[in-house]
Amino acid sequence: MSLNAILNSGVSGMLAHQTALNVTSTNIANVQTEGYARKTVQYSSIFVNDIGTGVEVSEVRRITDEFISKELRLATAGSEQYKAMSEIYGQLQSLLGDPAANNSLTGKLDSLNSAFAALTVDPTMSVSRTAALNEITNFGIETNRLLSQIQDLRKEADTHVAEEIAVVNAAILRLHDLNLEIKSASQSNKPIGDLLDQRDQALTEISKVVDIKTYPMSDGAIAVITDAGQQLLDFQPRQLVYSPAASVTSETIFSQITLNVYDT
């Protein structure tokens, strides 16, 4: 082997290990970064006429488990669903108050029953009649207050649905763009680790609202469907469509969520 070949071999090793040091540095810097997947460097030998002439970095690989990631996304959807339900029921319970408290709906109903019971003892007593009328008024005021606040709670939930749908739609479009970038980078043999991290983050955003599954397409792209089988993304992105109510009353019937192909 010539001196020039030996020097080239040494330089290739230095360059390969420099890349590995950069990857290690990035791993350390992002150890607390949400959605970042640790990277490792894969080496391969360089041969010319079956003679080893050095080493190069063949791939920067992400350390992930796709099965666990998919299961986590499904679990996240279920967890977020029960979290949302818990928050709504908690707010409703707060409106209703402690059943044992005198100022709660059940407390005022108990007071009303007590006033009627006292009235039956002697219906001619003006004090008993006045007390019964006051309790009827108090109970009516409380039910009207609850009616108004429950409708406010329904309006808040309706607005929240529209906001979450906007998040999902933005994430779907971002996934579509990332699919295109990943396909292009793969065809050019460029690193795609950071793009895959971004794609996983977008999938996580969607999974907090909708239960989703993914399956691979060509050149590293993925398709996204809901657990019920509705297609959110393949070669074209879809968009969820929802119109929140302008105002909410006890007679309000909320709109259905529909799915349309996004015109890119």
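User: At what angle do helix α2 and helix α5 pack, and how far apart are their axes?

Analyst: In this predicted model, local features need pLDDT of at least 70 and side-chain atom pairs count only at pLDDT 80 or more, while totals for chains, interfaces and linings use all residues. Residues are numbered from 1 along each chain as its sequence is written, and side-chain values use heavy atoms, with hydrogens and water left out. Axes are lines fitted to C-alpha atoms, for helices over the stretch in contact, with angles running from 0 to 180 degrees between N-to-C directions. Helix α2 (residues 66-96) and helix α5 (residues 193-207) pack at about 30°, with their axes 8 Å apart.

User: Is α2 roughly parallel or roughly antiparallel to α5?

Analyst: Angles under 35 degrees count as roughly parallel, over 145 as roughly antiparallel, 65 to 115 as roughly perpendicular and the rest as oblique. The packing angle of α2 and α5 is about 30°, which therefore makes α2, relative to α5, roughly parallel.

User: Which residues of α5 do Arg73, Thr76 and Ala77 in α2 meet?

Analyst: Contact means heavy atoms within 4.5 Å. On the α2 side, Arg73, Thr76 and Ala77 are also listed as buried, together with Leu95, where buried means under 20% relative accessible area, exposed over 50% and partly exposed in between, with a 1.4 Å probe and protein chains only. Their partners in α5 are Asp200, Leu203 and Ser207.

User: What span should the 31 residues of α2 have, and how far apart are its end C-alpha atoms?

Analyst: Helices are DSSP runs of H or I with at least four residues, and strands are runs of E with at least two, numbered from the N terminus. The expected span of a helix is 1.5 Å times one less than its number of residues, so the 31 residues of α2 should span 45 Å, in agreement with end C-alpha atoms that are 45 Å apart.

User: Which elements do the buried residues of α2 pack against?

Analyst: The buried residues of α2 are Arg73, Thr76, Ala77 and Leu95. They pack against α4 (126-187), α5 and β3 (212-216).

User: Which strands does α5 lie across, and at what angle does α5 run to β3?

Analyst: The strands β3-β4-β5 form, in that order, an open sheet with antiparallel pairing, two strands being paired if DSSP finds at least two bridges between them. The edge strands are β3 and β5 (231-233). Helix α5 lies across β3, β4 and β5, and its angle to β3 is about 150°.
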